[in-house]
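Student: I would like a close look at the charged side-chain pairs in this model. Please take them in a connected account.

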Amino acid sequence: MKNRWVLFVPLAIMGLLFGAFIYRLVTPAETLIQSQWIDKPMPLFDLPPATAGVEGLKSSELADGRPRLVNVFASWCIPCRAEAPQLEALKAAGVPIDGIAIRDRPEDVAAFLNEFGNPFDRIGSDMQSSVQIALGSSGVPETFLIDGKGIIREQIQGVILADQVPEIVAKLEAMK
């Protein structure tokens, strides 16, 4: 009779587990995967052109003294279509933008650029997603702010929104 409380131990353990389960449902873990390349030089790559009439992209070209954006996108990506006007606005503000087309056919990239505009100076074709994976990019669209020395300074996961355009321009200006 003295040890009746021992009978409630399994119930207490179940209650704690249930409480932990509910807590995790209410406060989920971080879902964004940050690149391990922040504040490091762009990984080495040499990508062929993604479509006719646009140069391919080499990592060595990203250290030309001009801060820029590198946008990872795909013609089949619906959010990339929503992001296109913001990329055009950034280009109009004088921001150099290079692109990396992921698992895309040249004719599809050309159709995408025809429909949504071409804010890119160069577009490399990453058919196997090897550069995307090397960058630590978790999806499309994803954008990297690169300083004039080719160092990745920031990663923007997902669609660039209209209210982010002035902030991005200011950040790149500060890198000059």
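Student: How many salt bridges does the count come to?

Tutor: The model is predicted: local features need pLDDT of at least 70, side-chain atom pairs count only at pLDDT 80 or more, and totals for chains, interfaces and linings use all residues. Residues are numbered from 1 along each chain as its sequence is written, and side-chain values use heavy atoms, with hydrogens and water left out.

The count comes to 15 salt bridges, a salt bridge being a side-chain nitrogen of Lys or Arg within 4 Å of a carboxyl oxygen of Asp or Glu. One of them joins R68 to D64, at 2.8 Å from N to O. R68 is buried, at 0% relative accessible area, while D64 is partly exposed at 38%; buried means under 20%, exposed over 50% and partly exposed in between, with a 1.4 Å probe and protein chains only. Both residues belong to a network of salt bridges that links E61, D64, R66, R68, K91, D98, D121 and R122.

R105 has a salt bridge to E107, with the closest N and O atoms 3.4 Å apart, and another to D108, at 2.9 Å from N to O. R105 is partly exposed at 47% relative accessibility, as are E107 at 46% and D108 at 26%.

For the setting of R68, strand β3 covers residues 68–73 and pairs antiparallel with β6 over five bridges; strands are DSSP runs of E, at least two residues long, numbered from the N terminus, and two strands pair if DSSP finds at least two bridges between them. L69 has L145 in β6 as its bridge partner.

Note on methods
Helix = DSSP H or I, 4+ residues; strand = E, 2+ residues; numbered from the N terminus.
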